[in-house]
Amino acid sequence: MSILLKCYFRDELSFRYLQTKKIQYLATMRGVKTLSEFIIEKQDDFKYATGELTRLLNDIVIATKIVNREVNKAGLANILGATENENIQGETQQKLDVFADQQFISALKNGGEACGIASEENDDFVAFDSEFSRNGKYVVTFDPLDGSSNIDVNVSIGTIFSIYRRKSEVGQLATEADFLQKGEKQVAAGYVVYGSSTMLVYTTGNGVNGFTLDPSIGEFCLSHPNVKVPEDGKIYSINEGNMVYCDQQVKDYIAYCKEEDAATNRPYSARYIASMVADIHRNLIKGGIFLYPATSKAPHGKLRLLYESNPMAFILEQAGGIATTGDTRILEIEPTELHQRVPTILGSKNMVKKYLSL
Ligand code: AHM
Ligand code: MG
């Protein structure tokens, strides 16, 4: 049927248009709103609304669908296992990390709305050098595959992204200053969790919405409108194996989480997947606190400000939570380098407040 339609609609564009309409029709029949419809509907909430951010988000969505397809067949496709390369942080890159990185770069480069990207897997930022891209108003930072140590063992992983308006002049090549912007300058941020189902959660600064991928129509459908993180929670997420290297505040807080007190629902439950997207997603829905603090071994913590902490902080704050280094609101940090790391503590408002009070 598809081949026949393709012959009838001689050019690819008409064929794609028909496919999109077909998907939208199927989604409408099921009474669900697709992510594409939602993004277009919300376009006017955005103060720079010209359609470019909408197209940029759609480019990102296409890349996440391709990555999702590969993640789902990772065990089959002889794509598992480490490459011989190491990324700038000295960690072994997994093949899927490289694949995902390339997918995002290619989608954003061809989309024309972004003039450059910076990603966890590249030593330096990439400025897109076509005339088309030089006119792009945005830059994107991303972690293409977060929690990649989980790939080989079939545990949830994710993608995280942030979008900023460029600071350099439109028409020129992107510069490092375009990427070294405070988190509060983000115009959009989101993540995709490749879990028991695939979900995309994002914000443009007007609340947080979550979409679940319906594999039968290949569309993300609105499943979690206006997500709010519960003010109190019962879950704490930290790599407790590092406790010996943590400072007294962290030790005291974890001891507090484990104390018995029926009035405050303690002891809390410990949950740690070592994939921050999955850990934070769970805590966002159920209520909880996630901590990757500074340790004596890693004085700035492990997580990267531009690719991990800022986007997650933006989402958590938009959902009513708090995101802090322990001293500073994460979104107020002035970045000094692309691969900067920061201690990251975020989650339910009252849990983070308790941590800060110690
Ligand atoms: P990655 O981006 O290289 O996968 O590393 C980030 C991940 C986070 O998702 C997770 O919270 C953390 O590293 C786990 O680190 P650890 O194994 O030290 O607990
Ligand atoms: Mg990561």
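Begin by selecting N154, which is found in the loop between β5 and β6 (157-165). The model on the screen is a predicted one. Inspect the backbone at this residue: the phi angle of N154 is near 60 degrees, a positive value in a residue that is not glycine. Is N154 buried or exposed? With a relative accessible area of 74%, N154 is exposed, since a residue counts as exposed over 50%.

Next, select ligand 1 and display the residues around it. There are 17 of them, and those that come nearest are D146, G147, Y272, M276 and Y292.

Select E120 first: one of its polar side-chain atoms is 3.0 Å from an oxygen atom of ligand 1. Move to D146, where a polar side-chain atom lies 2.7 Å from an oxygen atom of the ligand. Then select Y272; an N or O atom in its side chain is 2.6 Å from an oxygen atom of ligand 1. How much of ligand 1 does the protein bury? Taken alone, the ligand exposes 470 Å², and the protein buries 86% of that.

Keep the ligand in view and show the secondary structure. The elements that give two or more residues to the shell are β5 (138-146) and β13 (289-292).

Which form does the peptide bond from R266 to P267 take? This bond is cis, with omega near 5 degrees.

Remain in this loop and select N265, which also lies between α8 and β12. Its phi angle is near 60 degrees, again a positive value in a residue other than glycine. N265 has a relative accessible area of 46% and is therefore partly exposed, as this class covers values between 20% and 50%.

Key:
Residues are numbered from 1 along each chain as its sequence is written. Chains are lettered from A and ligands numbered from 1 in the order in which they are written. This is a predicted model: local features need pLDDT of at least 70, side-chain atom pairs count only at pLDDT 80 or more; totals for chains, interfaces and linings use all residues. Side-chain values use heavy atoms; hydrogens and water are left out. A residue is near a molecule or strand if one of its heavy atoms lies within 4 Å of it. A polar contact is a pair of N or O atoms within 3.5 Å; within protein, one must be able to donate a hydrogen and the other to accept it, and residues adjacent in sequence count only if both atoms are side-chain atoms. Accessible areas come from the Shrake-Rupley method with a 1.4 Å probe; for residues, only the protein chains shown count as cover. Helices (H or I, at least four residues) and strands (E, at least two) are DSSP runs, numbered from the N terminus. Buried means under 20% relative accessible area, exposed over 50%, partly exposed in between (1.4 Å probe, protein chains only).
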